[in-house]
Amino acid sequence: MTTDKTQKVDERTRRLIVAMAAERTLLAVLVAFRGANIACAPVKGVVLARWIYDDVRERPYADVDILIPRGSFAAAVTLVKARGWQISYQSVEMGEVLFTIDHMAVELHAEVGRPELSRMTVAGFIARAQPDSETFALEILRIDDVDHLLLLVANVVKDGFTYANAHQPADLERMLRRLRPRWQSVVDSASDAGFLTALHTVAEWMIAEHASEGFAAFRKLLPRDRRVTFASAVCLNRRLTTRQSDRLGSPGGMTGLILAVLTPDDVPLRLRGVLRVLRRGVWSRLGWDPG
């Protein structure tokens, strides 16, 4: 019993240390980007731990996620290199860069989830963002809560409904609860972005996999989905791959990725998404970097 209690205390202490390091890292990136006139907005763990949880130690995270407009991607990469921050992963096509500052990982995202997932753009999110001088010592851009919820939904889809992190359901549940008076705005925004199928499917995933009462109530606002069997297939696929150690290399894992790119409401987006995944898969199999 004492050991368990000690482990819990140690874990909470570790999370607090990570939160403090993440804040320092975020501020360093913000200062650098502002000096280069690159707009950016922190998202996910580094801010959600402070906005929708009672204590930052309740929400574990290991990196700092930042949105940047697609048009600023090249300039951001150039700045990161000039600062000597070590890049460990970069994909121009996917709009992603992963680098470290004093052992803290930072991820830059120029796409909402992945290309062709919807008509949502990071530039649109940032255009609707509002200045926030209360969360950190330095003012940040805070994206609208509706956009943040849809970003979380996009991340679950991007992960193929199979590789979602343990904290994602809690983030979704808390954000949905926070947005209760604006649920119709969530539906309207998803409809405008061609993202209703994804929103409906993640709602089904939250209900089936996490017994979410909030999403069960929210689902009643969604238009009758003509692709309910699609949502069922996603949940079934996730159950089949949960116990596999190499899920990405498993048939179920690959199916999950294909299902993920089939979620856009727009047929052209779905087709381009499937072709992109297949092409990148072939390149990887041949030992080429898809970039």
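Guide: A residue counts as buried under 20% relative accessible area, as exposed over 50%, and as partly exposed in between (1.4 Å probe, protein chains only). By this rule W183, with a relative accessible area of 7%, is buried. The model is predicted, so local features need pLDDT of at least 70 and side-chain atom pairs count only at pLDDT 80 or more, while totals for chains, interfaces and linings use all residues. Residues are numbered from 1 along each chain as its sequence is written, and side-chain values use heavy atoms, leaving out hydrogens and water.

The setting comes first. The chain has 12 helices and seven strands (DSSP runs numbered from the N terminus: helices are H or I with at least four residues, strands E with at least two). Of its 291 residues, 52% count as buried.

Three aromatic pairs are found in a search of the whole structure (ring centres of Phe, Tyr or Trp, the last by its six-membered ring, within 6.5 Å; planes under 30 degrees apart are stacked, over 60 edge-to-face, the rest tilted). One of them is the stacked pair of W85 and F99, with 5.6 Å from centre to centre and 5° between the planes. This pair links distant parts of the chain, 14 residues apart: W85 belongs to the loop between helix 3 (73-82) and strand 3 (86-91), and F99 to strand 4 (residues 96-101). W85 and F99 are both buried.

W183 and F218 form an edge-to-face pair, because their planes stand at 85° with the ring centres 5.5 Å apart. Here too distant parts of the chain are linked: W183 lies in helix 7 (residues 183-192) and F218 in helix 9 (residues 213-219), 35 residues apart. F218 counts as buried because its relative accessibility is 0%. W183 and F218 also belong to a cluster, in which ring pairs link them with F215.

The ring of W183 has a charged neighbour as well. R180 lies over the face of W183, at 4.0 Å from the ring centre (a charge sits over a ring if NZ of Lys or CZ of Arg is within 6 Å of the ring centre and within 35 degrees of the ring normal). Elsewhere, the charged end of R142 sits over the ring of W51, 3.7 Å from the centre of that ring.
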